[in-house]
Amino acid sequence: QVERAMLAKSEFLAKMSHELRNPLNSIIGYSEILIEGLDPAKDQKYRDLTSIRSAGHRLLELINDLLDLSKLEAGKMELHSDRINFNDLFEELSAKWAPVVAESGNRFKAEPAPAMEIICDAPKLRRVIENLLSNAAKFTKGGRILFAASIESGVLTVAVEDSGVGIAEGEIEGLFETFGNSDQETASNYGDDVRLGLPLAHRYCRLMGGELSVKSKLGLGSRFTLSVPVKLVADQTKMPIEKRAA
């Protein structure tokens, strides 16, 4: 009965997500068309349409997260094998997130990453890392964010450390739960964030045979570390490197 209920919920969310995506994509598309040619500094219509577009993207993100979460819980999510140069992915993510981090007055430091070719599910790996960088940027103001990675004995380790609001010790245990409620007594907002990013990231890591862990102190910052087993490419002449975006 539990399995049937999970399957029914998964199918329902998949159908609903499709029905919601179509009008949302239309709203986002038309807002982008109307924004063209408007002056960002002088035109109030530009600011209004930008808000509509941002809200559309936000809703679309939540819908995609709900669908992926449903697939994971129903055991319908599949792993794919992609061959990538991890250093290329690391540098691409560093270049993308450095200006985002700087918008809140933070210093961003990306340590050199290993230039190794690996085989893994690149879109899922990218999504987990981007979620950690997004959280660090969101919950850190006027501080620092460190982005580092290493590969040893077939295990890829990626760490994102920030000097942001931190997380109370009692909230860490439920941080990766879906729709959990945090106590309002602390200054941390991690548990109150309606995004499903951390629960999804945690489940993606488990799906890839890895683990996502966190060390944090309230008011002093957090360090998220993901460890995922990957295959190292020994012979680099037989197969072209495939670069895939999430």
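Tutor: A crossing is left-handed if the near helix is turned anticlockwise from the far one by less than a right angle, and right-handed if clockwise. This is a predicted model, so local features need pLDDT of at least 70 and side-chain atom pairs pLDDT 80 or more, while totals for chains, interfaces and linings use all residues. Residues are numbered from 1 along each chain as its sequence is written, and side-chain values use heavy atoms, without hydrogens or water.

Student: Which hand does the crossing of H2 and H6 have?
Tutor: Helices (H or I, at least four residues) and strands (E, at least two) are DSSP runs, numbered from the N terminus. The axes of H2 (residues 44–73) and H6 come within 10 Å and cross at roughly 35 degrees; axes are lines fitted to C-alpha atoms, for helices over the stretch in contact, with angles from 0 to 180 degrees between N-to-C directions. As H2 passes H6, the crossing is left-handed.

Student: Which residues of H6 make the contact with H2?
Tutor: Contact means heavy atoms within 4.5 Å. From H2 come Asp65, Asp68, Leu69, Leu72 and Glu73. Their counterparts in H6 are Gly197, Leu200, Arg203, Tyr204 and Leu207.

Student: Is Lys124 buried or exposed?
Tutor: Lys124 belongs to H4 (residues 122–138). Leaving aside residues up to four places away in sequence, Lys124 touches Met77, Glu78, Leu79, His80, Tyr204, Leu207 and Met208. The cut-offs are under 20% relative accessible area for buried and over 50% for exposed, with partly exposed in between (1.4 Å probe, protein chains only). At a relative accessible area of 8%, Lys124 is buried.

Student: Which strands stand at the edges of the sheet?
Tutor: Five strands form an open sheet with mixed pairing, ordered S2-S4-S5-S7-S6; two strands pair if DSSP finds at least two bridges between them. One side of each edge strand has no neighbour in the sheet, because each has a single partner strand. Those strands are S2 (107–110) and S6 (211–217).

Student: Which residue in S4 is the bridge partner of Phe108?
Tutor: S2 and S4 (residues 144–152) run parallel, joined by four bridges. In S4, Phe108 is partnered by Ile145.

Student: At about what angle does H4 run to S5?
Tutor: H6 lies across S6 and S7, at about 140 degrees to S6. H4 lies across S2, S4, S5 (155–162), S6 and S7 (221–229). Its angle to S5 is about 15 degrees.
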